[in-house]
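Here is a short report for a reader new to this structure. Please look over the sequence and the model first.

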Amino acid sequence: ETGSSAFDELYRADWHAVVALGWSLTGSRAVAEELAQDAFLDAYRRWDHVGSLDRPGAWVRRAVANRAVSHRRHLRVVEAGAQRLTTAARVAQDAAASPPDTDPDFWTAVRALPERQAQTIALHYLEDLGIEDIAVLLAMRASTVRVHLSRGRRALARTLSTIAPEEDA
């Protein structure tokens with residue numbers, strides 16, 4: 001199989017999952033698609049290396065997770081600058097970006113977590129990845145993944161319990 005066709009196969013097979021991961025970490029479909037496109041472009045440019053990996057899709061997902069961190073940092077810098085310069089209205093969240101059959105409160109809460117907790121939660125619940133797979137993908141020990149998942153779950157439980165709708169009496 002040629003490098004180009006192997007890349008094309010990876011792109012077709014993983015595009016939607018990679019975009020979903022980007023969305024779960026950023027909250028914007030447009031940003032998620034941009035992050036995914038950039039990650040796949042980098043993978044294509046480095047295909048001699050990436051294509052030789054056991055799991056090139058994991059490399060692309062890690063690239064998206066890292067880009068999402070950079071995106072969040074960039075947004076914080078922009079927000080801090082905007083607050084110093086003006087009290088301009090905040091940009092409305094892109095409600096149309098959420099994939100069907102998802103709980104927007106859950107993913108909003110995930111995006112509010114520290115980066116590594118958000119990444120491990122998203123990979124575990126969105127991609128249904130196990131501890132070992134997440135550890136490989138994010139280049140960390142399995143024990144570290146367990147810590148981030150545990151802390152993330154506890155934070156989500158606290159956050160989501162405060163915004164849960166009242167039950168009908």
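Where is the place of Asp 128? Asp 128 sits in the loop between α6 and α7 (131-138). The model is a predicted one.

Asp 128 is exposed, because its relative accessibility is 65%. Its backbone also deserves a look. Phi of Asp 128 is near 60 degrees, a positive value in a residue other than glycine. Most residues other than glycine have a negative phi.

Ala 139 also has a positive phi, of about 55 degrees, although it is not a glycine. Ala 139 is placed in the loop between α7 and α8 (142-163). With a relative accessible area of 58%, Ala 139 is exposed.

**Helix α6**

Is helix α6 largely enclosed or open? Nine of its eleven residues are buried, so the rest of the structure largely encloses α6. The buried residues are Glu 115, Gln 117, Ala 118, Gln 119, Thr 120, Ile 121, Ala 122, Leu 123 and His 124.

Take Gln 117 as one of them. Gln 117 belongs to helix α6, which spans residues 115-125. Its relative accessible area is 11%, so Gln 117 counts as buried. Not counting residues up to four places away in sequence, Gln 117 touches His 148, Arg 151 and Gly 152.

**Leu 25 and its contacts**

Leu 25 lies in helix α1, residues 3-26. Leu 25 is buried, at 3% relative accessibility. Which residues is Leu 25 in contact with, leaving aside its neighbours within four places in sequence? They are Ala 65, Ala 68, Arg 72, Arg 111, Ala 118, Gln 119 and Ala 122. Among them, Ala 118, Gln 119 and Ala 122 are buried residues of α6.

Ala 68 is 43 residues from Leu 25 along the chain. Yet the C-alpha atoms of the two are separated by 6.3 Å.

The charged end of Arg 111 sits over the ring of Trp 23, 5.2 Å from its centre.

**Aromatic pairs**

How many aromatic pairs does a search of the whole structure find? The search finds ten. Two of these involve Phe 7.

| Pair | Centre to centre | Angle between planes | Type |
|---|---|---|---|
| Phe 7 and Phe 40 | 6.2 Å | 80 degrees | edge-to-face |
| Phe 7 and Trp 47 | 5.4 Å | 85 degrees | edge-to-face |

Why does the pair of Phe 7 and Phe 40 tie together parts that are 33 residues apart in sequence? Phe 7 lies in helix α1 and Phe 40 in helix α2 (residues 29-45), so the pair joins these two helices. Both rings belong to buried residues. Phe 7 has a relative accessible area of 8%, and Phe 40 is at 1% relative accessibility.

The pair of Phe 7 and Trp 47 counts as edge-to-face because the planes of the rings lie at 85 degrees, and the cut-off for that type is over 60. This pair links distant parts of the chain, 40 residues apart. Phe 7 is in helix α1, and Trp 47 is in helix α3 (residues 47-50). At 12% relative accessibility, Trp 47 is buried.

Key. Residues are numbered from 1 along each chain as its sequence is written. This is a predicted model: local features need pLDDT of at least 70, side-chain atom pairs count only at pLDDT 80 or more; totals for chains, interfaces and linings use all residues. Side-chain values use heavy atoms; hydrogens and water are left out. Helices (H or I, at least four residues) and strands (E, at least two) are DSSP runs, numbered from the N terminus. Buried means under 20% relative accessible area, exposed over 50%, partly exposed in between (1.4 Å probe, protein chains only). Contact means heavy atoms within 4.5 Å. Rings of Phe, Tyr and Trp (its six-membered ring) pair if their centres lie within 6.5 Å; planes under 30 degrees apart count as stacked, over 60 as edge-to-face and the rest as tilted. A charge sits over a ring if NZ of Lys or CZ of Arg is within 6 Å of the ring centre and within 35 degrees of the ring normal.
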